[in-house]
Amino acid sequence: MISTILVIGGGQAAAQAVDTLRREGFAGRIVLVCGEAELPYQRPPLSKKYLSGDLSADRLPFRHRAFYDEHRIELKLGIPAVRLERTVRQVTLADGEVLGYDRLLLCLGAAARPLSCAGAELPGVHYLRDVADVARIQKAIARGARAIIIGGGYIGLETAATLRQLGCEVTVLELADRVMNRVVAPYVSQFFVQEHRAQGIKVLCDMRVVCVEGRGRVERVVCADGSRHEADLVIAGVGALPVTGLAADAGLTCENGIVVDEYCRTQDEAIFAAGDCANYPSLRFGRRMRLESVDNAFEQGKSAALNLLGRQVAHDRVPWFWSDQFDNKLLIVGLSQDYDRQVLRGDSASRSFSVCYLKGRELVAVEAINHSKDYMAARKLIADRTPLNLDKLADFSIGLKEAV
Amino acid sequence: MPRIIFNEPSGVRHEIEAPVGITLMEAAVQNRVHGIVAMCGGACACATCHVYVDGAWLRKLEPREEMEEGMLECAWQPQGNSRLSCQIQVTAELDGLEVTVPQQQGTG
């Protein structure tokens, strides 16, 4: 009998899991443990409206405290879990408290990948992953502050756009030859670079950061080409790493995340994992994957909760992502990894277009720029594996939905 | 505070006191209206906070913007009175607004 379910983590997956457990009628004890002191909250706004101040702190949590009280979900916030002992099914918290469990769900998330260059530890070098990071950045910026963003991915570019809107001088240093190179087509990278430059952001590619310099605090970033970029603050958005320490120390298999099966179960039948920290097998994609996305965390958290209760709900979804940069919305569905054809619909001059990736006649991914219609149509076409009519697809005057 | 009424497809009716300035979606989520999933948290990126706006209230709302329009076109069973609740700000004028949650969210 399952009387206590322990959830470690306070992100999307954990929040969705505890909600699902109660919705499904689980009446036992639920304890949510999170190293952060805040109620479980949404991360996507951190680099956007929360950083800009447009979204107040009280609108960030998924649920108010009353929800947890009403549904008897015990919260242990601000106290990290430090040890997992599987043989006795116990988790020890940093304050010494020991919690037993019948089922354990690990929603440990991902952490910002640290800069590895010299000077990375200087005061004034920031990351953007949680509300504490945002508070530090907000304190560091002033109108006209010179911000150097290392990394031209989602976090780097969203943060660059927000800081620019707040009146900072912003430079983005990207290692690759184009921004967002791992997630979008070159044409889309080019569009976003133009948009950022039009707003007065300096976007520099092929820039290998050698070190961060400064006496007592950050003063400049030095690149391999000898260029020096004066800075009041530096924000590194150079990727994220799955958080696995608690699991790995307890002997659970971890390889690019905590290894789980399609039911979110680790090799220990009492322990499950979901969200950014979980590496799961996808039947659809025919390989193991670990996704860092709201949609994946939400769905996997939900599936894990159902499976904790003994259901058999396989997690296998078509992932989707979004990014807001100035007034542009980038909507992505699917994974642009296994394809043999790329089709551009529309063009960047209208600031509304999409790039479709096909394998044969099957749509596998779409990047839609300010074009929610193609994006929504693609979500369904990809999920259903509907064969497309390539002539219609190439005609932007025909909706993607009708290109079948 | 303005009163907003959410009807779940099951027939459950929620009368919610919603503070001015938040969105209809936030009011629904905080009050656990079943069927308002709101996965993206209000970014107009998921179409999982779709509602049907009842009767004459539709005219009192700001019209849909292009992004919302596109999201709704391929949402599950869109109607002329479909809206994404994350795109509607609660105002004093909306006191008494009544909306119905569809059977499903996301793509149709």
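This is a predicted model: local features need pLDDT of at least 70, side-chain atom pairs count only at pLDDT 80 or more; totals for chains, interfaces and linings use all residues.
**Chain B**

Chain B holds 2 helices and 5 strands, and from the N terminus on these elements follow one another as β-β-α-β-α-β-β. The strands form an open sheet with mixed pairing, in which the order is E2-E1-E5-E3-E4. Strand E2 (13-17) and strand E4 (82-84) of chain B are the edge strands, each of which pairs on one side only, and from one strand to the next the twist averages 35 degrees. Strand E1 (residues 3-7) of chain B pairs with E2(B) in the antiparallel sense over 5 bridges, and Phe6(B) has His14(B) in E2(B) as its bridge partner.

For the 108 residues of chain B, a compact globule would have a radius of gyration near 13 Å, and the 12 Å of chain B agrees with this. The remaining overall values for chain B are collected in the table.

| Property of chain B | Value |
|---|---|
| Span of the C-alpha trace along its principal axes | about 35 × 30 × 25 Å |
| Residues that count as buried | 44% of 108 residues |
| Share of contacts with a separation of 6 or more that comes from residues 24 or more positions apart | 67% |

**The contact between the chains**

The contact takes 21 residues from chain A and 17 residues from chain B. On the side of chain A that touches chain B, the elements that give two or more residues are helix H8 (294-308), strand E22 (320-325), strand E23 (328-334) and helix H9 (372-384) of chain A, and H9(A) gives the most, with 6 residues. The residues of this side of chain A divide into 8 nonpolar, 4 polar and 9 charged.

Notes: Residues are numbered from 1 along each chain as its sequence is written. Chains are lettered from A and ligands numbered from 1 in the order in which they are written. Two strands pair if DSSP finds at least two bridges between them. Helices (H or I, at least four residues) and strands (E, at least two) are DSSP runs, numbered from the N terminus. Axes are lines fitted to C-alpha atoms, for helices over the stretch in contact, and angles run from 0 to 180 degrees between N-to-C directions. Two residues are in contact if their C-beta atoms, placed from the backbone, lie within 7 Å. Ala, Val, Leu, Ile, Met, Phe, Trp, Tyr, Cys and Pro count as nonpolar, Asp, Glu, Lys and Arg as charged, and the others, Gly among them, as polar. The radius of gyration is taken over C-alpha atoms; the globule rule is 2.2 Å times the number of residues to the power 0.38. A residue is buried if 20 or more other C-beta atoms lie within 10 Å of its own, exposed if 12 or fewer, and partly exposed in between; C-beta atoms are placed from the backbone.
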